[in-house]
Amino acid sequence: MHAVNTPERWNPGTRIAFRFLAVYFIIAFLSSIIGIVPFLGAFGSWVDTAMQPLHVWIGRTVFGVEITALPTGSGATTYNWVQFAAHLACASVATLAWSLLDRKRPSYPWLRDGLWIAMRFVLAATMFSYGFGKVYGLQFPEPDVTRLLQEYGQSSPMGLLWTFMGASQPYSMFGGWMEVIGGILLCFRRTQLLGALWTAAVMTNVFVLNLCYDVPVKLYSFHLLALAITIAAPDLRRLARLLVLNRPTEPADLRGPWTRPALRRTGLAVKLAWLAMTLGMTAWENSEMRAASRVATEESSLAGTWEVVDFRRDGVALERLGPDTRRWKYFAIVEQPGMTIAVAMQIQGAKVAWRTERTGTTLVLRDLRPAAGTDPSTAPPAGMLEVAHEGDARLRLSGTVNGVRIEATCERRDTEDFPLMSRGFHWINEVPYSR
């Protein structure tokens with residue numbers, strides 16, 4: 001006679017916690033789950049967009065708040081917090097219904113294994129995305145001259161963090177590779193615990209930075225940290241027994257319900273194909289974006305950043321270090337795909353930006369963000385400036401901007417002019433170089 005396999009029996013609390021985890025993960029990470037399937041990322045984004053009217057309605061009806069900003073660059077909008085509350089409530093109700101309808105089932109071995117696989121690969125894909133963004137210098141680019149010329153105390157905490165990370169590309173790349181390595185380790189059963197602990201350490205640092213520097217990705221980074229801890233959770237008792245109590249512990253079951261050799265071989269083949277495709281596509285996409293950001297623009301003796309060393313407003317000279325906030329501190333020409341922007345930064349950090357057209361030695365300035373429904377390219381000119389060069393490193397600006405006569409003498413500034421970018425690395429420092 002053959003022995004009958006008795007299914008593992010979980011205690012009631014474990015079953016309820018598992019049901020909640022499964023429902024919450026599927027709801028909160030639905031678009032990411034869809035996105036781990038190659039070429040379905042756009043559909044995952046569509047799902048997120050399709051759910052927006054529902055969350056706006058929940059905010060208005062349940063919480064009495066009118067959501068006016070949908071998620072863009074910030075992950076800490078009112079919409080995100082309403083969405084978080086809705087996910088918690090929906091998962092709680094679904095868990096209650098599931099527990100009542102399926103209270104006799106002793107455990108969920110296949111579903112548990114599938115859930116952990118989904119969590120591992122969703123977290124791995126996210127680590128690849130953020131990691132390669134740092135490796136290729138896209139998330140934290142080198143600070144440009146406009147940032148370097150900004151008064152230190154006028155930086156926001158988030159801006160200071162971005163400057164700190166971008167000022168050292170090797171350090172930014174190091175942080176990126178730590179995320180990529182954690183993602184790779186998560187993809188294999190033998191290294192999933194190491195990958196989860198590795199990623200938890202990385203994400204703890206990211207989460208604390210987001211909290212301390214007011215980066216609006218706190219909620220999302222907390223979810224990623226929670227995912228890493230959850231993936232490691234089944235092995236934490238074994239780890240504590242080995243590392244804290246100094247006692248032997250049983251080996252982990254790395255097979256789960258996948259006992260058939262054919263299933264295991266198929267799963268390994270799919271995993272390797274996914275890993276190769278995801279790593280390759282993510283690296284290629286970031287490489288292309290990096291190349292696009294470095295596309296050489298038309299050579300121009302005007303492009304770049306110029307510090308305003310002499311400034312007159314309606315014929316009245318404004319002191320370089322004076323308190324008048326109307327004085328320009330620098331003037332910059334920023335080349336972007338399909339558009340050139342002129343930026344004037346004033347005392348105390350205020351910025352004014354215009355879409356710029358150049359005709360000979362004349363700059364035509366148009367409002368970058370005109371009134372709603374107005375095409376920026378056809379907006380009435382905000383001003384015109386005549387440009388006169390005095391060598392390669394000096395120029396004069398004269399003209400009328402917003403009804404005010406402007407006369408300015410400017411000197412070119414490059415990133416190499418600033419110690420933050422030019423100091424470099426030194427093995428030997430006889431005295432600390434701290435400024």
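Predicted model: local features only at pLDDT ≥ 70, side-chain atom pairs only at ≥ 80, totals over all residues.
Residues are numbered from 1 along each chain as its sequence is written, and side-chain values use heavy atoms, with hydrogens and water left out.

Helices (DSSP runs of H or I, at least four residues) and strands (runs of E, at least two) are numbered from the N terminus. Helix 5 covers residues 109-135, and its 27 residues should span 39 Å at 1.5 Å a residue, which agrees with the 38 Å between its end C-alpha atoms; the expected span is 1.5 Å times one less than the number of residues. Just after helix 5, glycine 137 adopts a positive phi of about 70°.

Across the whole structure, 21 aromatic pairs are found, where rings of Phe, Tyr and Trp (its six-membered ring) pair if their centres lie within 6.5 Å, and planes under 30 degrees apart count as stacked, over 60 as edge-to-face and the rest as tilted. The rings of phenylalanine 121 and tryptophan 274 have centres 4.9 Å apart and planes at 80°, so this pair is edge-to-face. Because phenylalanine 121 lies in helix 5 and tryptophan 274 in helix 12 (residues 261-293), the pair ties together parts that are 153 residues apart in sequence. Both phenylalanine 121 and tryptophan 274 are buried, that is, under 20% relative accessible area, whereas exposed means over 50% and partly exposed in between (1.4 Å probe, protein chains only). Tryptophan 274 also pairs with phenylalanine 128, with ring centres 6.4 Å apart and planes at 35°, so that this pair is tilted.

Threonine 163, in helix 7 (residues 157-167), is buried, with a relative accessible area of 13%. Not counting residues up to four places away in sequence, threonine 163 touches Pro143, Arg147 and Leu420, contact meaning heavy atoms within 4.5 Å. Methionine 384, in strand 7 (residues 381-389), is partly exposed, with a relative accessible area of 46%. Methionine 384 and tryptophan 81 are 303 residues apart in sequence and 46 Å apart in space, C-alpha to C-alpha.
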